[in-house]
Amino acid sequence: MVMHMVSRVESAAATRRALLDAAADLLDSGGPDAVTLRAVGARAGVTRGAPYRHFPDKDSLLTTIAAEALDQLADQAQLVRADPRLPPADTLHRALEALMTIGRRRPHLYRLMFASPSGAAAAVHAAAQAANRAMDEFLAIVGDLVGAQHARRFAALLLTSAHGITDMEVNGHLSADKWHITAEELVSTLVSMIHRHVRNG
């Protein structure tokens, strides 16, 4: 009986994983409009009713995808911060690069990560927790460079700048021919300016 229950739990977890992976693929290829519970179920190769047993609606599914991405981003930030070989400025640069990489490679997911979560209460709560965790990790990284008392101010400056840089790059407005600088060089310049500002008081 116990073995049977375990196999059912494992089967349900595998189905949920397949649904999330299928939904993420559809999101990447066609944006949120391409993600419907029917299309997700078909892509995952499950029965038509299976998606509804795991996600009450499309919004809850999309919010769960965003929560997973935010948790993964927080994990990356935590790993980077734990590397004793990296000085704080390099750690910050790598954290920003991880965020901007999502924006470049998976723009629909990137926008979803920073949209207001919607859907079932449990999904919204999980997304809020993941967003808070990612923000806490980023604030800790910024604080290592500028001090905890300045972390929020400079974190806001860095995030808004990273969003703007990513948006311009993705939409083709940050060409090297026009600006004679790359996105990475812009981030390095910004981090260096902040570091000098705090160091010089």
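Reply: The interface between domain 1 and domain 2 buries about 1200 Å², and 68% of this lies on carbon and sulfur atoms. Buried area here is the accessible area, taken with a 1.4 Å probe, that two parts lose on being put together, summed over both. On the side of domain 1, Leu 27, Asp 28 and Phe 55 lose the most area to domain 2, together 40% of what that side buries.

The model is a predicted one, in which local features need pLDDT of at least 70 and side-chain atom pairs count only at pLDDT 80 or more, while totals for chains, interfaces and linings use all residues. Residues are numbered from 1 along each chain as its sequence is written, and side-chain values use heavy atoms, with hydrogens and water left out.

The two domains are residues 1-55 for domain 1 and residues 57-200 for domain 2; such bounds come from an automatic or database domain assignment. Their centres, taken over C-alpha atoms, are separated by 28 Å. At the interface, 15 residues of domain 1 are in contact with 12 residues of domain 2, where contact means heavy atoms within 4.5 Å.

Helix 1 (2-30) and helix 2 (37-44) each supply at least two residues of the side of domain 1 that touches domain 2. Helix 1 gives the largest share of that side, with 8 residues. Sorted by class, the side of domain 1 that touches domain 2 comprises 9 nonpolar, 2 polar and 4 charged residues. In this sorting, Ala, Val, Leu, Ile, Met, Phe, Trp, Tyr, Cys and Pro count as nonpolar, Asp, Glu, Lys and Arg as charged, and the others, Gly among them, as polar.

Across the interface of domain 1 and domain 2 there are 2 salt bridges, a salt bridge being a side-chain nitrogen of Lys or Arg within 4 Å of a carboxyl oxygen of Asp or Glu. Asp 28 forms a salt bridge with Arg 106, and the closest N and O atoms of the pair are 3.0 Å apart. This pair links distant parts of the chain, for Asp 28 lies in helix 1 and Arg 106 in the loop between helix 5 (88-105) and helix 6 (107-113), 78 residues apart. Asp 28 is partly exposed at 32% relative accessibility, and Arg 106 is partly exposed at 29%. By the rule used here, buried means under 20% relative accessible area, exposed over 50%, and partly exposed in between, with a 1.4 Å probe and protein chains only.

Other salt bridges may be set beside this pair. The structure holds 11 salt bridges. One of them joins the side chains of Arg 43 and Asp 25, at 3.9 Å from N to O. Arg 43 belongs to helix 2 and Asp 25 to helix 1, and the two residues are 18 residues apart. Arg 43 is partly exposed, with a relative accessible area of 48%, and Asp 25 is partly exposed at 40%.

A further salt bridge brings together the side chains of Glu 184 and Arg 104, at 2.9 Å from N to O. Here Glu 184 in helix 10 (residues 183-199) is linked to Arg 104 in helix 5, 80 residues apart. Glu 184 is partly exposed at 32% relative accessible area, as is Arg 104 at 24%. Both residues belong to a network of salt bridges that links Glu 97, Arg 104, Glu 169 and Glu 184.

The whole chain gives the setting. Its secondary structure comes to 10 helices and 0 strands; helices (H or I, at least four residues) and strands (E, at least two) are DSSP runs, numbered from the N terminus. The C-alpha trace spans about 65 × 40 × 30 Å along its principal axes. Of the 201 residues in the protein chain, 37% are buried. Among contacts between residues at least 6 apart in sequence, 67% join residues at least 24 apart.
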